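Please open the structure in your viewer and follow the stops below in order.

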Amino acid sequence: MSRNVVITGMGAVTPLGEDFPDSWNALIAGRDAASPLALFDTAGCRCHHAASAALPPLSDFSAKATRRLARASRLAIPAAREALASAGLLDAGGRSTLRDLTFSVATTAGGMTFGETFLRGVLARDRAHLLSQVSRYLPQQQILDVQQALGFAGHSVIIANACASGANAIGHAADLISTGAADCVLAGGFEALTELVFVGFDCLQATSTDRCRPFDLNRSGLLLGEAAAFLVLESGEHAQRRGAAPICQLTGYGHTTDFFHLTQPGPDGAALIEVMRAAATQAGIAPAQIGYLNAHGTATPANDGVEAKAHLAFFGDAIGSTRISSTKAAIGHTLGAAGAVEALFAIEALRTGRLPPQLNLETPIPEIAPALVGGKESSRGMEHVMSVNLGFGGSNAALVFSRDSSP
Amino acid sequence: MKLDLAVIGRGAVSPAGVGIDALLHREPTPVEVDAPGEPGRPWPVLRVDLNDPAFARWQREPRLRRASSMTFFLVEAAEQALAGVSPADRAETGLIVAFSAGCVGYSRRFFEDIVTRGQRSASPALFPETVFNSPVSHIASVLGLNGAAYALVGDETAWVAALRTASVWLRRGRVARVLVLGAEEFDPLVLDAYRSARWLRRQNPANGFLASEGAAGILVRTAVPEDAQIIATARDGLIYRTKKEASAAAERLLAECDPALPCYRSARRNWLGALEEKTTENRTVVPLGNQPYLGEAFTASAAWHTLRALACLDHQLPRILLPVWGLNHQLGLFELETPKTQSDP
Amino acid sequence: MTEITLDDVRKLLVDNCMLRVPPGEIESETLLFGPGSLGLDSIDALQLTVGIEKAYGIAIADPAVAREAFHSVKTLQQWLARQRNQTKPA
């Protein structure tokens, strides 16, 4: 039992733009969104910058209702709405035309900002507003915010596999469709910058005090970001029945766990190689057929070295002909949203033939230097693209998107 | 959705003790704990005894050195459910764990350090362990599972999502069997949270629950006709924000089910208890005998109730309805069956 | 001279690295990293840096210094004692 899975809609809010087209255009133009962080105080941190997003206005929410939303929901609602609109699934009132819509979502911190305020309130014995803080910090509250804002209900699943979650949520949506458990799924991820997470990466010395330089020999750490990105996935028949034009197909999904260490990939990259092979095998393609790879590329010393090794092992001789970049130099590491927003970038590369450049690259890791995308590159006629993510806990996930070949 | 999952292993850690027998029969003793925001007025709480000898072997595991208490609950419940499964078969076993608050103890300690002592005091040892999927990664690694591993999050209904996901993995052929677990750990901070949500009651304590903790799980594979106990179907996605919406969702949920099916009641003492009683009043209620009250531990509770409902299945009760009352997002339910007994003459 | 006892270092290690061994079992010659050691990893190294600053007010900015000091229980004890004496007001 396996039905083909097509993508029919995309939406995103990123540090580069309030919707997906703006984000993509800025990405292709080579802009990066790193800036001094103003959301909370960072006086005791090593790093003081991040890629924060401008929150799109929510015209159908009152000022009071908007204040009650977690920052994460302020990112997720417009991104989900854009995805449904681009799939032709939004009515004139801005509500989903499908009342029963499966929702597969990734996040790592949910509405943590409310959790932080709650703890501060408890420590200060300030009991005002405790309920409103605590009741809205758990991730299911942002799911409910999106469901109620867009007028749909149905099965939902929240995957929290750290930084691979976004790819997992999309891959899981494809599993649901291909096994007949769902016909149409809104899938993606969201993540808002929060002090707890920012300080967490900072105390692990994983954030850079310099620029974020993925796959550079002088890389010194990651840039944290925030975003939300969603796709509409549906079975080929479902799309055809409602006359929706597929953007592409999702043909491969692999996920594994690297048991080496909680926060570091195994030095041989075996789990990452395995996950890329699993996704390519499911797609029925050879590595050489992958035109563009959106790499994880956090720019931490541990990640990128192992990742470069794994890409070299996976692509073999084809490493010279494939094109690779990490878009985290531009939008930062958006954690639970990363796998989703990067999947959108890979799909748009497939659709347009334009390739996101590898920013901030001066002295590339020699093994994959020939594959890293330069400025203003394009590659017409790509048939397949891949997006890979690695996360804490050794979570690895890879997705393959292919040009739609259905009649 | 049809699940057709055969239950082939089970494990539990609860305030009643370690193992299924304790889960079904032993009465846990509450301890008194202060809420940090209201010292001097303690609440009764149900805790897991980490000094139980069953945990000693896990405390010697190098991989679990920094792990949170929830990881120990999980690894013990997981090992019980995997009893008799060979290393080769474990390598074909997927893992899905449903969480509600996750590693709340370390998250509280980590952020409290930042608030009270400054960002420079933030603990690098604690932060990675606060991430939802850290316990999942630890137990997959320690128990030699194959690496297909999801951490799912939500209210009690995340347990329903976890079993639905297991069914999809099995249909997809990703793994041969799936270990599905739910877990919750207690930290005094949650008392402030539950208190502000009015989930705890000093007056009329029977209308408020006891905060609890633990883990439980089942090992499942695709059912075959010979199987003794299966989780036949699952339903979820009935969302609500207000009490009124919850009431309408409950009516709809139960109205869809065969009225002759006996119902297992699980919402005792939580805020949906009255709604559960009302919407199931015309059904036969599964007699729970002397099963003791274990408090509220969200996805762990949902897993405990599933194990207890499975224990009630027999020739007199060959099919049971098990509603899952999510406390802050949605409602769901399972239908449990004993097909073998059903086909008996 | 400010005394840093073996017990002080044991406590520092057990508390910060969440060691599940009785402090008394940690010998002066015990290595912190690598085979036959306490089994610490890169996260422990970072945690010790934070723990030392918290307990003694000594900041370690240079990773090379940390590598040398964090060799064994004894080197850590000696290094802490030296730092403490240097930072003590005259």
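**First stop: a loop in chain B**

Begin by selecting B:R269, which sits in the loop between α10 (243–255) and α11 (273–279) of chain B. Bear in mind throughout that this is a predicted model. The backbone angle deserves attention here: phi of B:R269 is near 70°, which is a positive value in a residue other than glycine. Is B:R269 buried, exposed or partly exposed? Display the surroundings of B:R269: there are 16 C-beta neighbours inside 10 Å, so the residue counts as partly exposed. A residue would need 20 or more such neighbours to be buried, and 12 or fewer to be exposed.

**Second stop: a loop in chain C**

Next, select C:M18 in chain C, in the loop between α1 and α2. C:M18 is not a glycine, yet its phi is positive, at about 50°. Count the C-beta atoms around C:M18: with 16 neighbours inside 10 Å, C:M18 counts as partly exposed.

Now show chains B and C together. How many residues does each chain bring to the contact? Chain C supplies 12 residues and chain B supplies 11 residues. On the side of chain C that touches chain B, colour α1 (6–17) and α2 (42–56), the elements that give two or more residues to it. The most comes from α2(C), with seven residues. Finally, colour this side of chain C by residue class: five residues are nonpolar, three are polar and four are charged.

Methods:
Residues are numbered from 1 along each chain as its sequence is written. Chains are lettered from A and ligands numbered from 1 in the order in which they are written. This is a predicted model: local features need pLDDT of at least 70, side-chain atom pairs count only at pLDDT 80 or more; totals for chains, interfaces and linings use all residues. Two residues are in contact if their C-beta atoms, placed from the backbone, lie within 7 Å. Helices (H or I, at least four residues) and strands (E, at least two) are DSSP runs, numbered from the N terminus. Ala, Val, Leu, Ile, Met, Phe, Trp, Tyr, Cys and Pro count as nonpolar, Asp, Glu, Lys and Arg as charged, and the others, Gly among them, as polar.
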